[in-house]
Amino acid sequence: MKTKLVVLGTGFGAFSALKELDSDIYEIKIVSPRNHFLITCLLPSTTVGTLEFRSIIEPIRNVKNVTYIQAFCKHIDETNNKLQCVDADTKKEFTLDYDLLIISVGEVTNSYNIEGVDKYSYFLREVADARKIRIKVIDCFENASIPGITEEEKKSYLRFVVCGGGPTGVEFAAELHDFIEEDVRKKYPGLENDIEVILIEAGKTLLNSFDAKLSEYTLKIFKRQKINVMTNSYITKVTENEIFVNNGSHFSYGLLVWAAGNTGTELIRNSTLPKNNRIKLVIDHYLKVNGTKNVYAIGDCTEIPDEPFPVTAQTAQSQGKYLGKSLNKLAKGKEIKPFKYKDLGMLAYIGSHKALANTNQYKGSGFVTWLFWRSVYVTKLVSLKNKILVLFDWFKTFVFGRDVSNF
Ligand SMILES: Cc1cc2nc3c(=O)[nH]c(=O)nc-3n(C[C@H](O)[C@H](O)[C@H](O)COP(=O)(O)OP(=O)(O)OC[C@H]3O[C@@H](n4cnc5c(N)ncnc54)[C@H](O)[C@@H]3O)c2cc1C
């Protein structure tokens, strides 16, 4: 009889573990509401049509010798090795048994209970979110083109606000800027002088996990791109028509994208497994959840107390790879070594064909770094199909511009 192994999630951690796990040893079931793996790092590019949605996802059913179940795990009963799950579509509930469990459920966007954020802002985590943003961006330009609207109304539709100066907020603002520069001028002539992009960041600077010089460089480039960066500022309230900022100012807006931080999922929040005050499962150096015998956890939803790693795709991926290999070894009675994190650094796109690289060997910015950024992500894409689609999308955008059809 094979060992029953259940993996929760289809993100970076889970997908990397699945690539390693030996299906001759384990009967593998994957439970996740999302039936595809998503390269989140390229998600901002889909919000304005630089890339198409299907180019950056990989169906989980392409993974051989595993059973996929499209559901949420609602409750982990670690005493009886049972999972209570709910069908993501019909909401029908069912139970699953496991011998071994890998939890890689990531995190959710944190709205910090600020009034109106959940209702009126747009999050950017999933393909469905990016799709909603793309529709809304185009709607803003179409609405601003309706005859008879006042100047004030036009300016409101064309005021794009991004909350959060981390990589997601910065990359979205950068993509929006490229769209405005390269496509809006041609497709919506006459609107360019009424557009305003505002980036609101609570901290002193943008991209605070990057080298200080790279953060400064980003501020300089954003200034040149006429992105209005408001540092040391935070949103206190959002209504259907207005955004209120802590400095007392308030303004109308067309779109608010919220990328101001993450928090634990409901599953981890309600779990009885050991977790810290940031709602992350506490794991040891073998990625096993503290105090358990057969529950492992990886990626954004975890933390090793004496060795916190950056909350990135890279961490989740290397943990998944390590865990898949380790579980194969353990099943064969072999010894395993503790997980060692190798920091490969970070990359970010900042618009106008410029990117940042913050690695141990190289800290750079500009056009050449942008070429490097693109080549890294092409190699990171899982399948040949995705690589071809992404290269084709970039070529298509360069030659024909972004498609502004709305549907
Ligand atoms: C827009 C965006 C851009 C980013 N850009 C970068 C970047 O450039 N570089 C970088 O290193 N990192 C980037 N990140 C962060 C990176 O995506 C995460 O660090 C990484 O995805 C973490 O992997 P994970 O496996 O822990 O979780 P995720 O990849 O988030 O996967 C979580 C999975 O769990 C599933 N799930 C959730 N709840 C349940 C449940 N109850 N039951 C079952 N399944 C569940 C989800 O559907 C999903 O499949 C970005 C993130 C975003 C949102």
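Modeller: Two strands pair here if DSSP finds at least two bridges between them; strands (E, at least two residues) and helices (H or I, at least four) are DSSP runs, numbered from the N terminus. The model is predicted: local features need pLDDT of at least 70, side-chain atom pairs pLDDT 80 or more, while totals for chains, interfaces and linings use all residues. Residues count from 1 along each chain as its sequence is written.

Biologist: Thanks! What is the strand order of the open sheet of five strands?

Modeller: Its pairing is parallel. Strand 5 (67–69) and strand 21 (295–297) are the edge strands, each pairing on one side only. From one strand to the next, the twist averages 20 degrees. The order reads 5-2-1-9-21.

Biologist: And which residue in strand 9 is the bridge partner of Leu5?

Modeller: Strand 1 (residues 3–8) and strand 9 (residues 100–103) run parallel, joined by four bridges. In strand 9, Leu5 has as its partner Leu100.

Biologist: Which helix packs on that sheet, touching strand 1, strand 2 and strand 9?

Modeller: Contact means C-beta atoms, placed from the backbone, within 7 Å. The helix direction makes about 150 degrees with that of strand 1 (axes fitted to C-alpha atoms, angles from 0 to 180 degrees between N-to-C directions). Covering residues 12–20, the packing element is helix 1.

Biologist: Now the open sheet 23-24-25: which residue in strand 24 stands opposite Ala348?

Modeller: Pairing in this sheet is antiparallel. Strand 23 (346–351) and strand 25 (363–366) each have a single partner strand, so one side of each lacks a neighbour in the sheet. Five bridges link strand 23 with strand 24 (residues 354–358). Opposite Ala348 stands Leu356.

Key
Two residues are in contact if their C-beta atoms, placed from the backbone, lie within 7 Å.
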